[in-house]
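Let's take a walk through a protein model together, one step at a time. Keep the structure in view as you read.

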Amino acid sequence: MKDLYIIGAGGFGREVAWIVERINSIKPTWNLKGFIDDNETLWGNTEGEYHVFGGCEYLSALEDVYAVCAVGSSNVRKKIIEKLKDTSVKFATLVDPSVLYSNSVKIGEGAIVCAGTIITVDVNIGDHVIVNLDCTIGHDAVIDDFVTIYPSVNVSGNVLIGECSELGTGTQIIQGKKVISNTIIGAGAIVVKDCLESGTYVGSPAKKIK
């Protein structure tokens, strides 16, 4: 079994620990050591059943370990991973055992795919992407690096989601649309046109707000 640390000791971090436990219940894979968090007030605490050891400096000093970043903010997650890029830390890809996906789906390193999600065929999911609970992603969709997809999002076929974008809970994107990098789609929005300017889009149909 491979030693694994979860970066981010918040609520989603505890959910990711549950994914690891579910994976191990089917096939022992990960020796989950505990949490890493740059918030010094958490060091030495216990979150759920797991210890918070320290920050990224603690992690970067270790050898032969894996990590996964359970921080919801796409841009913060990218900054954390960039701090670790010149270390020996390797990144785990975690897919809950309940996820349905075909052999033609590609999932990048450091990605997290949560329970109840369905990913169909010829989908490309980039590095350090988070796909939260109960999402669907249709054929030929491309999800770039560091995207965060919150619970119950429906991404239709041939959709492109640019790097570091975030899709709020319950978002729906119809087929063939493009969401440019560094875009936030508000919870419950319905995207029926390309989002070609970075910013925040809300409503049905989704419109950019100033």
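This is a predicted model: local features need pLDDT of at least 70, side-chain atom pairs count only at pLDDT 80 or more; totals for chains, interfaces and linings use all residues.

Let's look at β5 itself, which covers residues 66–69. Which way do its side chains point? Y66 and V68 point one way, A67 and C69 point the other way, and all of them are buried.

Strand β1 (residues 2–7) pairs with β5 in the parallel sense, over 4 bridges. Strand β6 (residues 90–91) pairs with β5 in the parallel sense too, over 2 bridges. You can find both pairings at A67: Y5 stands opposite A67, and in β6 the bridge partner of A67 is F91. In general, strands of a sheet pair through backbone hydrogen bonds, either parallel or antiparallel.

Now turn to another sheet arrangement. Here 8 strands form an open sheet with mixed pairing, in the order β7-β10-β13-β16-β19-β22-β24-β25. Its edge strands are β7 (94–95) and β25 (207–209), each of which pairs on one side only. Inside that order, β10 (residues 112–113) and β13 (residues 130–131) pair in the parallel sense over 2 bridges.

Is T148 buried or exposed? T148 is buried, with a relative accessible area of 1%. Leaving aside residues up to four places away in sequence, T148 touches G72, S73, S74, R77, I130, S165, E166 and L167. In the case of G72, the backbone oxygen lies 2.7 Å from a polar atom of the T148 side chain.

How many does the structure hold? There are 5 salt bridges. One of them joins R14 and E47, with the closest N and O atoms 3.9 Å apart. This pair links distant parts of the chain: R14 belongs to helix α1 (residues 11–26) and E47 to strand β3 (residues 46–47), 33 residues apart. R14 is partly exposed, with a relative accessible area of 43%, whereas E47 is buried at 18%.

K90 forms a salt bridge with D64, and their closest N and O atoms are 3.0 Å apart. K90 lies in β6 and D64 in the loop between α2 (56–60) and β5, so this pair ties together parts that are 26 residues apart in sequence. D64 is exposed, with a relative accessible area of 57%, while K90 is partly exposed at 31%.

Helix α3 has a link of its own. The side chains of K78 and E163 meet in a salt bridge, at 2.6 Å from N to O. Because K78 lies in α3 and E163 in the loop between β18 and β19, the pair ties together parts that are 85 residues apart in sequence. K78 counts as partly exposed at 24% relative accessibility, and E163 counts as partly exposed at 25%.

What about the cysteines? A disulfide is a covalent bond between the sulfur atoms of two cysteines. The count of disulfides here comes to 0. C195 is in no disulfide either, and the nearest cysteine sulfur, that of C164, is 16 Å away. C56 is buried at 7% relative accessible area, and C195 is buried at 2%.

Finally, let's visit some backbone details. Most residues other than glycine have a negative phi, and most peptide bonds are trans. C164, although not a glycine, has a positive phi of about 65°. C164 sits in the loop between β18 (160–161) and β19 (166–167) and counts as buried at 4% relative accessibility. S152 is not a glycine either, and has a positive phi of about 60°. Look for S152 in the loop between β16 (148–149) and β17 (154–155), where S152 counts as partly exposed at 31% relative accessibility. Our last stop is a cis peptide bond between S204 and P205, with omega about 0°. P205 is found in the loop between β24 (199–202) and β25.

Terms used
Residues are numbered from 1 along each chain as its sequence is written. Side-chain values use heavy atoms; hydrogens and water are left out. Two strands pair if DSSP finds at least two bridges between them. A disulfide is a pair of cysteine sulfur atoms within 2.5 Å. Buried means under 20% relative accessible area, exposed over 50%, partly exposed in between (1.4 Å probe, protein chains only). A polar contact is a pair of N or O atoms within 3.5 Å; within protein, one must be able to donate a hydrogen and the other to accept it, and residues adjacent in sequence count only if both atoms are side-chain atoms. Contact means heavy atoms within 4.5 Å. A salt bridge is a side-chain nitrogen of Lys or Arg within 4 Å of a carboxyl oxygen of Asp or Glu.
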